[in-house]
Amino acid sequence: MSIGVLLVDDEQLIRAGLRAIVASEPDLEVVGEASDGAEVPGLVSRFRPDVVLMDVRMPSVDGIRATAHLMSTMDKPPKVIVVTTFENDDYVYDALLAGASGFLLKRARPEEIVAAIRTVAAGESLLFPAAIRRLAAQQANRGPQDGLAGAGLTERESEVLRLMAGGLSNVEIAGELYLGVQTVKTHVGNVLAKLGARDRTQAVIKAYDTGFVTPAG
């Protein structure tokens, strides 16, 4: 089955470029386009995309508000990748806090865009962990510094979360901790449930934002 992608950007030229990249891949399909975040809820309800490529800055409803709306109103919202010009933009971190699974720079190479779509659709690895750590160094620690004390993570779950924050996949975490991959998947699921996180990115952002994990490691 193909991965359905919704393109959201107020610049027609950007949308055209993204459309050409996505449409060239046999497992990806552009299911719709929008020029503003205000159009997103209706299009998502109509086309049910798996992934939304969302411009972070738009004139009416920006990508942060559009992402937050999807996450708060849909039982199974699509994965959102915000698209931005500058990776250290405050808007990017706010979009991740709102529920986006990762971000792309508008100057990203076609192969990076395709890989990002597949990565967030699969949901088993963190999109661009080094870039998210850099963002965390600049923007994190804005939330209560409780180190996730109230989350009730076990020692093993805490280990798994720290490795997730390092960008390790389930297979890599399994090798690091000498566990089976299915066991790691269970631990990851428990971490997400206890943190109220929809995916790995949200769990990692919470870990940084509360001081559980620091950008320096």
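Leaving out neighbours within four places in sequence, Asp-55 is in contact with Val-8, Asp-9, Asp-10, Gly-63, Val-83 and Lys-106 in this predicted model. Asp-55 sits in strand β3, which covers residues 51-55. The UniProt record, an unreviewed entry, lists Asp-55 under "modified residue: 4-aspartylphosphate". Is Asp-55 buried or exposed? Its relative accessible area is 3%, and buried means under 20%, so Asp-55 is buried. A polar atom of the Asp-55 side chain lies 3.5 Å from the backbone nitrogen of Arg-57.

Strand β3 also holds Val-52. With a relative accessibility of 0%, Val-52 counts as buried. Which residues does Val-52 touch, leaving aside its neighbours within four places in sequence? They are Leu-6, Val-8, Val-44, Pro-78, Lys-79, Val-80 and Ile-81. Val-8 is listed among the contacts of Asp-55 and also among those of Val-52.

Phe-47 belongs to helix α2, residues 40-47. Not counting residues up to four places away in sequence, Phe-47 touches Val-31 and Gly-32.

The table sets out two C-alpha to C-alpha distances.

| Pair | Separation in sequence | C-alpha to C-alpha distance |
|---|---|---|
| Phe-47 and His-187 | 140 residues | 33 Å |
| Val-52 and Asp-94 | 42 residues | 17 Å |

Helix α1 (residues 12-23) and helix α5 (residues 110-122) have axes that come within 10 Å and cross at roughly 70°. Angles of 65 to 115 degrees count as roughly perpendicular, and α1 and α5 are therefore roughly perpendicular to each other. The crossing of α1 and α5 is right-handed. From α1, the contact is made by Leu-18, Ile-21 and Val-22. From α5, Pro-110, Ile-113, Val-114 and Ile-117 take part. An α-helix has 3.6 residues a turn, so residues three or four places apart point the same way.

The other pair is helix α9 (residues 181-195) and helix α10 (residues 200-209). How do their axes meet? They come within 10 Å and cross at roughly 60°. That angle makes α9 and α10 oblique to each other. The crossing of α9 and α10 is left-handed. Val-188, Leu-192 and Leu-195 of α9 make the contact with Arg-200, Ala-203 and Lys-206 of α10.

In the UniProt record, an unreviewed entry, the feature "domain: HTH luxR-type" is placed at residues 146-211.

Helix α7 runs over residues 155-165. Its buried residues are Glu-157, Ser-158, Val-160, Leu-161, Leu-163, Met-164 and Ala-165. Just after α7 comes Gly-167, which takes a positive phi of about 90°.

Definitions and conventions
Residues numbered from 1 in each chain as written. Predicted model: local features only at pLDDT ≥ 70, side-chain atom pairs only at ≥ 80, totals over all residues. Heavy atoms only, no water. UniProt positions renumbered as here; feature names shortened; annotations may be inferred. Helix = DSSP H or I, 4+ residues; strand = E, 2+ residues; numbered from the N terminus. Buried < 20%, exposed > 50% of the residue type's maximum accessible area, 1.4 Å probe, protein only. Contact = heavy atoms within 4.5 Å. Polar contact = N/O pair within 3.5 Å; in protein donor to acceptor, adjacent residues only side chain to side chain. Axes fitted to C-alpha atoms, helices over the stretch in contact; angles between N-to-C directions. Parallel < 35°, antiparallel > 145°, perpendicular 65-115°, else oblique. Left-handed = near helix turned anticlockwise from the far one by under 90°.
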